[in-house]
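Here is a short briefing to read alongside the model. Take a look at the two chains, and then we can walk through them together.

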Amino acid sequence: MGMTITEKILAAHAGKESVVPGDNIWVDVDVLMTHDVCGPGTFAIFKKQFGENAKVWDRDKVVIIPDHFIFTKDTHANRNIDILRQFVKEQSLPHYFDVGTDRYKGVCHLALAQEGFNRPGEVLFGTDSHTSTSGAFGMFSTGIGNTDAAFILGTGKLWVKVPESMCFEFTGTFPEHVMAKDVILNVIGDIGVDGATYRAMEWRGEAVMSLSMEERMTLCNMAIEAGGKNGIIEADEVTTNYVKQRTDAPYTIYKSDDDAQYFFKKTYNASEMEPIVAKPHSPDNKAKVSECVDVRLDRAYIGSCTGGKLTDFMAAARLLKGKKVQIDTFIVPATREVEQDLYKEKIGGETLVDIFKNAGAYLGDPSCAACLGGPQDTFGRAKDNQVVISTTNRNFPGRMGSKQSHVYLASPYTAAASALTGHITNPAEFIYN
Amino acid sequence: MNKVIEGVAYVLGNDVDTDQIIPAEHLVYSLSDPEERKNYGKFALSGVPADQAGLPDGKIPFTENGQSESKYSIIIGGRNFGCGSSREHAPACMEIAGVRAVVAESYARIFYRNSVDGGFFIPFESVKRMVEEIKTGDDLVIDLNASTLTNSSSNKTYELKSLGEVIEIIEAGNIFEYARKTGMIPSA
């Protein structure tokens with residue numbers, strides 16, 4: 001029987017010829033990523049279980065990317081960065097990207113890609129549910145807790161139940177005003193926030209393969225919002241071009257067999273996709289943008305692992321150029337590299353930074369920032385009963401700060417169009433006029 | 001392993017996400033420092049919207065007056081309990097507050113895995129949805145051998161699903177003890 005790409009990668013990392021969904025296997029880990037929120041707890045468990053002087057299984061496979069609570073006066077949050085530094089020093093870990101240095105990156109999921117840690121065919125675990133993002137590179141990646149991460153630190157292995165796979169195929173071409181965020185919000189709306197629980201979400205079809213790596217990352221990032229174990233897209237030339245620019249490390253390309261078994265298959269016509277929002281307070285509370293045009297907004301937020309990449313800001317800048325925002329608009333690049341690109345990339349001779357500043361938007365430092373609320377002094381944190389349109393990936397009650405706030409998830413195009421009008425707005429109005 | 005778990009029920013609805021279980025602003029405290037970790041108990045379930053907190057009536061705080069322990073030690077949940085983030089602070093805060101078991105219709109996978117691998121409490125799945133059967137404050141008894149949940153307040157007994165293959169990790173205590181038992185890592 002044929003295997004899916006997820007099954008092939010897991011089998012290879014368990015030293016097996018084949019696996020089937022439901023198998024409990026131990027896999028060898030290629031990369032373990034952690035950050036400032038879960039690193040300290042992970043290291044404490046590692047020391048407790050393996051000894052104060054124990055060494056991690058492979059220094060070169062541990063990647064530590066502080067990104068969550070960075071630009072804050074919160075003393076506990078800053079103490080946690082010190083704990084990361086101490087552990088890195090004790091273990092002589094090479095892949096640490098310290099706050100306040102030239103090495104600081106920002107949001108871990110994009111930083112992993114930009115620093116060459118996402119490589120086709122590998123197995124990557126991270127102490128963050130959006131670790132599924134890396135699946136865009138044709139690798140198995142998923143989020144875990146501190147205990148599992150500590151287990152990997154000591155052993156280089158973790159048990160995994162092989163997931164069933166679900167196949168989402170998009171034929172044809174996406175309309176110009178539709179972005180990956182619209183596509184994933186549409187799918188989550190169709191299957192629900194537990195529609196992919198314990199399963200792999202595999203993306204296929206010419207429309208998917210026409211997307212940039214950053215857009216593919218958005219699709220895989222939000223697999224977790226449907227409960228998915230991982231999101232995955234076969235590596236192609238787009239993938240290998242990106243990877244080769246970032247690393248010389250070898251990689252292996254796996255493809256799903258034609259007779260692979262899927263728990264679920266659905267084919268969408270890409271040209272029929274429309275801009276979508278997820279209404280408060282759940283990522284599956286789907287509505288067409290055209291159904292929500294009466295919703296008045298207090299602020300717009302463009303940032304995060306799913307909405308703070310260069311592609312996202314190119315889209316936003318295209319609409320904001322030469323215009324003024326009508327509501328407070330926050331721009332938060334995911335990483336330093338994206339931030340630097342905002343000063344370099346131009347539309348019509350104007351840098352993205354100038355476009356945003358001239359439009360009246362506020363620019364923040366690269367980090368997770370208000371995507372998950374964070375300490376009280378976090379840039380862009382939602383206040384009181386504000387209504388926010390956001391390119392982030394979760395709109396659970398209180399997720400962006402205030403428990404009374406209302407968050408609509410949307411694409412960068414839709415967020416930018418809405419910032420220009422003060423109510424939820426279809427970007428098609430600006431793109432085609 | 002204790003074969004009977006007795007406690008008072010705290011009832012929640014569907015899709016209780018990890019931001020409701022422990023809002024992100026509180027994820028700064030140490031989980032290992034004996035004093036500092038009490039903050040997690042204090043803020044456990046503090047993000048649950050008021051009308052959903054302690055069903056059917058709602059507006060029942062899980063912990064009171066800054067206490068780090070709750071009088072409720074068995075959580076009843078609906079579908080997709082623990083969805084969202086991979087933060088292990090979520091099951092940890094519940095354990096710190098005194099939770100010994102959760103009985104839900106279904107779980108999000110990372111939360112379920114963290115509960116089992118970290119040995120925080122036992123995540124049971126009910127055969128039938130329990131949210132409308134049990135009221136916050138009811139006295140409950142979980143019998144592991146019989147795989148049942150009894151509501152002493154209404155004198156009704158309900159079936160729980162088998163813990164399945166994770167029973168070995170639960171019985172060992174956590175993933176490390178399980179790995180020691182099976183010889184995968186050396187015994188301490």
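Helices here are DSSP runs of H or I with at least four residues, and strands are runs of E with at least two, both numbered from the N terminus. Counted that way, chain B has six helices and seven strands. Please keep in mind that this is a predicted model.

**Chain B: overall build**

- Along the sequence, the elements of chain B run in the pattern β-α-α-β-α-β-α-β-β-β-β-α-α.
- The radius of gyration of chain B is 16 Å, which agrees with the value near 16 Å for a compact globule of 188 residues.
- Taken along the principal axes, the C-alpha atoms of chain B fill a box of roughly 50 × 40 × 25 Å.
- Of the 188 residues in chain B, 53% are buried.
- Among contacts in chain B with a separation of 6 or more, 68% join residues 24 or more positions apart.

**Chain B: the sheet**

- Chain B holds an open sheet of seven strands with mixed pairing, in the order β4-β3-β2-β1-β5-β6-β7.
- Because β4 (122–125) and β7 (156–159) of chain B each have a single partner strand, they stand at the edges, and one side of each is left without a neighbour in the sheet.
- From one strand to the next, the twist averages 30 degrees.
- At the β4 end, strand β3 (residues 101–104) of chain B pairs with β4(B) in the parallel sense, over four bridges.
- To find this pairing on screen, look for B:Ala101, whose bridge partner in β4(B) is B:Ile122.

**Chain A: overall build**

- Chain A comes to 14 helices and 20 strands.
- For 433 residues, a compact globule would have a radius of gyration near 22 Å, and the 21 Å of chain A agrees with that.
- The C-alpha trace of chain A spans about 55 × 55 × 40 Å along its principal axes.
- Buried residues account for 60% of the 433 residues in chain A.
- Residues 24 or more positions apart make 77% of the contacts in chain A that have a separation of 6 or more.

- Where they meet, 37 residues of domain 1 of chain A are in contact with 38 residues of domain 2 of chain A.
- On the domain 1 side, α4 (108–114), α6 (180–191) and α8 (213–221) of chain A each supply at least two residues.
- Of the elements on that side, α6(A) gives the most, with six residues.
- That side of domain 1 of chain A has 13 nonpolar, 14 polar and 10 charged residues.

**Where chains A and B meet**

- The contact takes 42 residues from chain A and 36 residues from chain B.
- On the chain A side, α2 (39–50), α3 (75–91) and α5 (146–155) each supply at least two residues.
- Which helix brings the largest share of the chain A side? It is α5(A), with six residues.
- By class, the chain A side divides into 14 nonpolar, 20 polar and eight charged residues.
- Helix α5(A) is mostly covered, with nine of its 10 residues buried, including A:Phe151, A:Ile152 and A:Leu153.
- After α5(A) comes A:Gly156, which has a positive phi near 75 degrees.

Note on methods: Residues numbered from 1 in each chain as written. Chains lettered and ligands numbered in written order. Predicted model: local features only at pLDDT ≥ 70, side-chain atom pairs only at ≥ 80, totals over all residues. Pairing = 2+ DSSP bridges. Axes fitted to C-alpha atoms, helices over the stretch in contact; angles between N-to-C directions. Contact = placed C-beta atoms within 7 Å. Nonpolar A, V, L, I, M, F, W, Y, C, P; charged D, E, K, R; others polar. Buried ≥ 20, exposed ≤ 12 C-beta atoms within 10 Å, placed from the backbone. Rg over C-alpha atoms; globule rule 2.2 N^0.38 Å.
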